[in-house]
Amino acid sequence: MRRGPVIELPAKEAIPASVIVALLELLDQPILISDRSGRILQVNQSGIQRLGSHGFSFDPSSNLFSDLLHVHPNVISDQIEAGENQIDSKFDCCGGAALARIQWLPEADWLVVRFEDPEKQLIPGPEASGQHTVQGLLQEREITYRNLLAAYLRLQEVNRQKTVFLASAAHELKTPLAVIKGYYDLLLSGSLGKLTDKQRDILQESKESCERLVRLVSMFLNYSALESGKLVLHLRENDLRDCLSELATRWHEAFVRKHVRLDTILNADIPIFKFDYQKVQQTVANLLDNSLKHTPAGGHVIFRAEAHFWERRSTEEVQAQDRRRERVQHPNSIKVSVSDSGPGIASEHHQEIFEDFVRVDRTSSGMGLGLAIAKRLVQAHRGKIWVESELRRGSTFTFLLPIDNS
């Protein structure tokens, strides 16, 4: 149950916020999580309020040891190395004193810090028994929390192994599929002898299935690279019109076979700018594949690219008149769109279709990764992607690529 927002501070490594947030909010106690160096990873709402009551506000560079506890990291590390899993330490913030109880989680090498007011530690008279009861409940919650966190870490490891397996399987399949596809091309070219119409049809159908496997393998490789954080963009000065023309030519035959008309409109005003040639082709290929898959025979797909003014927030004050003039004279991005005449997508699915392994139409083929990969590749270029669609009115997938690269 969520009781309030949780602020996630910048970290060097990506931590799945949804899981950690849910675990932290199970506790009413102020909780903060850091690594052994003191870099703060997560803090729940109660923790923000407690520290705020002592006059402390977070900064992206806040450190547990230097900014909160005012102790050297070795003081805590030495106690951990000595076998102590729980450490009590007092820290002062802006004249106020609080008690910090530090719990070391060896599974993740994290420090879980609980903040308490010292005056609440001693409750005299008949209230003492009630305090023992509260402490017992808190200990039970702490145990539950640690069990959930341990389960999360195990699931994270399983997910990592899954990604490694996908990457290994994809690499093993890549080479034999390339060989098979090469033989199909050789047979269909007639170099090994004349083919009958029936033989040509069978080989063509087999080649299409092989090409689909090649696309799936490529998708798995891209997904594993994105999941492991190993995606590298090769940004070079390229001609986007050449990039997209080459891709449209490659896909023309697939559209003809399905009797879907593909119109490609690439405006001449597209400038030369820096982008990853292969990654952009992969993004558009995923959009074309999605449109072809959901457009019935006799349908129509329009593939368009044009210069565009993308009005983004800026730290500089710009007069409205100057901004209008900038919009007309100086496009700062390229707008690429793929529109189809398919069945359309209900508005409630417009966001989730870009998530991993999501398929709105359960009867369609595919792994539900194409749009998710396209979104990540566009975001890696500092762009954005979205869909405009209504049921029975087709869909238009659009993404923007910035030109300035600043």
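Analyst: L149 is buried, its relative accessible area being 3% (buried means under 20%, exposed over 50% and partly exposed in between, with a 1.4 Å probe and protein chains only). This residue belongs to helix α5; helices (DSSP runs of H or I, at least four residues) and strands (runs of E, at least two) are numbered from the N terminus. The model is a predicted one, in which local features need pLDDT of at least 70 and side-chain atom pairs count only at pLDDT 80 or more, while totals for chains, interfaces and linings use all residues. Residues are numbered from 1 along each chain as its sequence is written, and side-chain values use heavy atoms, with hydrogens and water left out.

The C-alpha atoms of L149 and A108 lie 9.2 Å apart, although 41 residues separate the two in sequence. Helix α5 spans residues 127-188 and also holds E142. With a relative accessible area of 11%, E142 is buried. Between E142 and Q29 there are 113 residues of sequence separation, yet the C-alpha to C-alpha distance is 9.9 Å. Another buried residue is L68, at 0% relative accessibility, and its place is in helix α3, residues 64-69. L68 and L51 are 17 residues apart along the chain, with 9.2 Å between their C-alpha atoms.

The protein chain as a whole has 10 helices and 13 strands. It consists of 406 residues, of which 40% count as buried. Among its contacts (heavy atoms within 4.5 Å) between residues at least 6 apart in sequence, 68% join residues at least 24 apart.

The close look now turns to helix α6 and its partners. Helix α6 comprises residues 197-227, helix α7 comprises residues 240-257, and their axes come within 13 Å, crossing at roughly 125 degrees. Axes here are lines fitted to C-alpha atoms, for helices over the stretch in contact, with angles from 0 to 180 degrees between N-to-C directions. The two helices are therefore oblique to each other (under 35 degrees counts as roughly parallel, over 145 as roughly antiparallel, 65 to 115 as roughly perpendicular, and the rest as oblique). The crossing of α6 past α7 is left-handed, a term for a near helix turned anticlockwise from the far one by less than a right angle. On the α6 side Q204, E208, E211 and R215 take part, and they meet W251, E253 and R257 of α7. The residues of this contact divide into 1 nonpolar, 1 polar and 5 charged (Ala, Val, Leu, Ile, Met, Phe, Trp, Tyr, Cys and Pro count as nonpolar, Asp, Glu, Lys and Arg as charged, and the others, Gly among them, as polar).

R212, R215, S218, M219 and N222 of α6 make the contact with Q282, N286, D289 and K293 of α8. Here the residues divide into 1 nonpolar, 4 polar and 4 charged. Helix α8 also contains K279, which counts as buried at 14% relative accessibility. Residues up to four places away in sequence aside, K279 touches L231, V232, L233, L377 and H381.

M219, N222, Y223, L226 and E227 of α6 meet G370, I373 and R376 of α10. The contact consists of 4 nonpolar, 2 polar and 2 charged residues.

Finally, the cores may be considered. The largest nonpolar core has 39 residues, and L240, L244, V284, L288, F303 and V336 have the most contacts inside it; such a core is a set of buried Ala, Val, Leu, Ile, Met, Phe, Trp, Tyr and Cys residues joined through side-chain atoms within 4.5 Å. Helix α7 gives the most to this core, with 8 residues. Beyond its neighbours within four places in sequence, F303 is in contact with residues including L244, A248, L262, V284, L288 and V336. A second, separate core has 19 residues, among them L64, I76, I87 and I102.
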